[in-house]
Amino acid sequence: MVRDPVLHLAIKVKGTDDSDRAENGKERQPKPTLLSNFPFVFQSRLFFNRALQPAIRNFSLLFVGCVLFHVAGTWSLPLIDRDEPRFAEAAREMRQRGDYVVPYFNDDYRFDKPPLTYWLQTLSYRVFGENDLAARFPSAVAAALVAVLLLAWGRRMENERVGWWAAIIFTICLQTVAHAKAAVADMWLVLFVTAAHWAGHELLRDSLGNRPPPAKFCQQFWCWIFYVALALAFLAKGPIGWTPLLTIAVTQFFLRARNLRERFAFLRGCIVTLAIVAIWGVPALLRTNGEFFRVGIGHQVIGRSIATMEGHGAGSLGVYFLTLPFYFVAIFLSFFPWSIKLPWLTRKLSRSRDATDNYLIAGVAVIFLIFTVVKTKLPHYTLPAFPLLALILARHWSRENRASGSFTRIAIAAGSVWLAIALFGFPFSARFFPAPQLFKASRDILRPEMQFGAVSYNEPSLVWYFRSRTNGFLDSTLDAENVSPFLEKKGARFVILPTALATKLYPTLPPRWKSFSAHGINIEKGKPVDVTLILKPE
């Protein structure tokens, strides 16, 4: 028998000839092989064994279904300022430069995030071209992979029902739906943090329940998964990807598990994690003279912790204390529609919970408490805790009598609403995005050699859309006084500026010049905007 530790199946391997039987009719004991000591089954005769086929089918259907669900409508909704166009354009410039170490946005360093998301977006561009769908597609894939992990983890932890419920709960909650359709780094962070938490759970399996300790080869396998996942989580979004280490530390406190250091091989594992990060990190630091670390860690991580960035959070100490419960309130919107079960789940856990519940709760609590202390606050920061929360809810809700009916009704209703919004609401809302409106109106006369600039409305979406036809970069230093000198320079060029200013500067356009206007909403500022593009053809 070969036991697959992920699919939780025992597979009997039979011989194909009479030599597998001894002369006395008794079967010989199979000789140990590399395959029998390896946790995954790769040989075709085992991989397509009848026992594996239902699991493979379920995982495949779940993955494809989730990808289609998350991709739906993404082609009709323009990229939303400011983060989405920044990620999408940085990936395009990475591809154009052939430089996969140091990201750039608008011909300037972009130190905000590590490069994993850009790498995956460049791969997507090779398949789908440089467009909104391609920029968002990696996030849909990551969300689908998280669902597959939850199905596999839930099966192994308890049963098939728990795995499916956890996967569906995570897939259909509001914050997942939003970020699986977004060209940002969060879903890849969630994927690898979830993988690390699963690996940690497997390494503690005997301490968390009445199960035997993992075999030596399984222990080594899950150790590799744990530390490689930590490295990839860092490459997705930085040090926040290392929260599973804190989960293990908290679990050790209430479990008092023995041989934890030996089982997790912390020293060797951390060396592996740092070595993987260093493959990219060292060249990036050397080429930028340490600026990548100073901005990426000092400004983006430490700065967000001790100060409010971009208006997201408390501006004073008093308001900071008032916003401490922010995530414990925001979860009722972020985790919707399943948040309606959170009060029930809280009461249930307060009365009875096991060691596995404590492990999952520790992972959720670590993430929530870290971002509660951090001054910069956004609802999606706690998204890495949602797979763990989905598992907790699935474990307890699935045991209730007549729970299937209410679960199915909620899942179908919420999934239908999200699909309707994506397929019908997204095309309607596209009219409120000024940058793509101006681009569509003017793209037929745009030329690669054109230079362009903007006044007041300097949103990253201008760079993303207009650089798909021009080779220049956005000049964001313009003001009302130097619009005319900019346009009078030699060569074809255009400028985007408020319509009132455009009318004041150019009541009548010179011959052959073109103008296009658009009205919409500045998403970042939440204000209506009316902008005009003035183009000098040569």
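This is a predicted model: local features need pLDDT of at least 70, side-chain atom pairs count only at pLDDT 80 or more; totals for chains, interfaces and linings use all residues.
Two strands count as paired if DSSP finds at least two bridges between them.

**Sheet.** I looked up strands E7 (residues 493–498) and E9 (residues 527–536) and found them antiparallel, with six bridges joining them. I then took proline 498 and found its bridge partner in E9 to be valine 531. I traced the whole sheet next: it is open, has five strands in the order E6-E5-E7-E9-E8, and its pairing is mixed. At the edges I have strand E6 (474–475) and strand E8 (514–522), each of which pairs on one side only. I also checked what packs on the sheet, and found helix H21 (residues 434–442) touching E7, E8 and E9. I put the angle between the directions of H21 and E8 at about 160°.

**Cores.** Which residues touch the most other members of the largest nonpolar core? I found Phe335, Trp338 and Trp397, in a core of 103 residues. Helix H5 (residues 132–157) gives the most to this core, with 14 residues. Apart from this core I noted another, of 38 residues, with Met94, Ala182, Leu474 and Val531 among them.

**Tryptophan 397.** I listed what tryptophan 397 touches, leaving out residues up to four places away in sequence. The list is Trp165, Trp338, Lys341, Trp344, Ala403, Ser406, Phe407 and Ile410.

**Helix H18.** I checked the span of H18 (residues 355–373), which has 19 residues. From first C-alpha to last it reaches 27 Å, close to the 27 Å expected at 1.5 Å a residue. What caps the N-terminal end of H18? I found aspartate 354 there, with a side-chain oxygen 3.2 Å from the backbone nitrogen of threonine 356.

Note on methods:
Residues are numbered from 1 along each chain as its sequence is written. Side-chain values use heavy atoms; hydrogens and water are left out. A nonpolar core is a set of buried Ala, Val, Leu, Ile, Met, Phe, Trp, Tyr and Cys residues joined through side-chain atoms within 4.5 Å. Buried means under 20% relative accessible area, exposed over 50%, partly exposed in between (1.4 Å probe, protein chains only). Helices (H or I, at least four residues) and strands (E, at least two) are DSSP runs, numbered from the N terminus. Contact means heavy atoms within 4.5 Å. The expected span of a helix is 1.5 Å times one less than its number of residues. A polar contact is a pair of N or O atoms within 3.5 Å; within protein, one must be able to donate a hydrogen and the other to accept it, and residues adjacent in sequence count only if both atoms are side-chain atoms. Axes are lines fitted to C-alpha atoms, for helices over the stretch in contact, and angles run from 0 to 180 degrees between N-to-C directions.
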